[in-house]
Amino acid sequence: MSRNHKDTLTVIDKQTLELRPVSIPVPGHGIASLATDGAGHLFAEPVDPMVSDDIYPVGGTTVIDVTTGEVVSFPDDPSRDVFRDVMVGADGTAWFAGDDGGLFRYDPETTALDFSEGVLSASLRASTRPAADGTIYGVTEEPYSFFAFAPDGTVRDDLGKPRSYATSLALVPDESAFLYVPGAHGHSQAFNTPVISVDTATGEQAVLAELYDLAKAELGLVLGGTYSITIDAERNQAHIAFNAGPTDDEPWGEVVLVVLDLP
């Protein structure tokens, strides 16, 4: 791999589905994750692909103004961790994973980045959109644990644990629960590929659907996990993109979109 490696930011036309390249936000870096504040700003986690000794390479933080095209990049920081999720508040504040449960915080008013140690029990892995009261629900990695993050920075960590590795969470329209699928990286079949709701008040978990048998019968495929759950609030549906494959041991090579009507 060369230093010419670059990830290109693109825009999709929702009418024609045409992809249009916009820019290369951080030359020499790949973009591990993106999130938006819904007000014209993208938050990106660029990483250096040339670092080969670490599971997660060195990287930093970038803020992109999609209206002006301005790109503000903060230096690569060895205290950054995981590079898999940006937690964005209703006011445009963004948080990024740091070592040992710490969080980097981007302040949209000052455009500064600061760091707080030990905010979470472990590294931030996935998060929901903010609820009406500003609360964001998330999950940590190693150990896996659900949490609720309030606008004032306080954390509730009494929402229990996922059954297994979870990489995507989605808040249901009435905000009474968020959804996840355990075993994201090829292991959801070990649990019968369930879609699970977590009560935002109590942490109680309920299985909404088990998809293993359905996918085998209808598609001849094993659903091995998902990295993408989204909610269509207008239709009260969950859209879940699954990795899939022919056997339990090889749940790869295919992509299946599941549309689930919510209660």
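Strands are DSSP runs of at least two residues, numbered from the N terminus. In this predicted model, Gly118 occupies the loop that joins strand S10 (112-116) to strand S11 (123-127). Apart from its neighbours within four places in sequence, Gly118 contacts Asp100, Gly101 and Gly102. The C-alpha atoms of Gly118 and Thr200 are separated by 23 Å in space, and the two residues lie 82 residues apart in sequence.

Strand S10 also belongs to an open sheet of 4 strands, arranged in the order S7-S8-S9-S10 with antiparallel pairing. Strand S7 (86-88) and S10 form the edges of this sheet, each pairing on one side only. From one strand to the next, the twist averages 25 degrees. Within the sheet, strand S8 (residues 94-97) and strand S9 (residues 103-107) are paired in the antiparallel sense over 4 bridges. Trp95 is placed opposite Arg105 in S9.

The largest nonpolar core comprises 20 residues, and those with the most contacts inside it are Val195, Leu211, Leu223, Ile240, Phe242, Val256 and Val258. At least two residues of this core come from each of strand S16 (177-180), strand S19 (222-232), strand S20 (237-245) and strand S21 (254-261). The greatest contribution is that of S20, with 4 residues. When residues up to four places away in sequence are not counted, Val258 touches Leu211, Leu223, Ala238, His239, Ile240 and Phe242. In soluble globular proteins, nonpolar side chains tend to be buried together.

Methods
Residues numbered from 1 in each chain as written. Predicted model: local features only at pLDDT ≥ 70, side-chain atom pairs only at ≥ 80, totals over all residues. Heavy atoms only, no water. Contact = heavy atoms within 4.5 Å. Core = buried A, V, L, I, M, F, W, Y, C linked by side-chain atoms within 4.5 Å. Buried < 20%, exposed > 50% of the residue type's maximum accessible area, 1.4 Å probe, protein only. Pairing = 2+ DSSP bridges. Axes fitted to C-alpha atoms, helices over the stretch in contact; angles between N-to-C directions.
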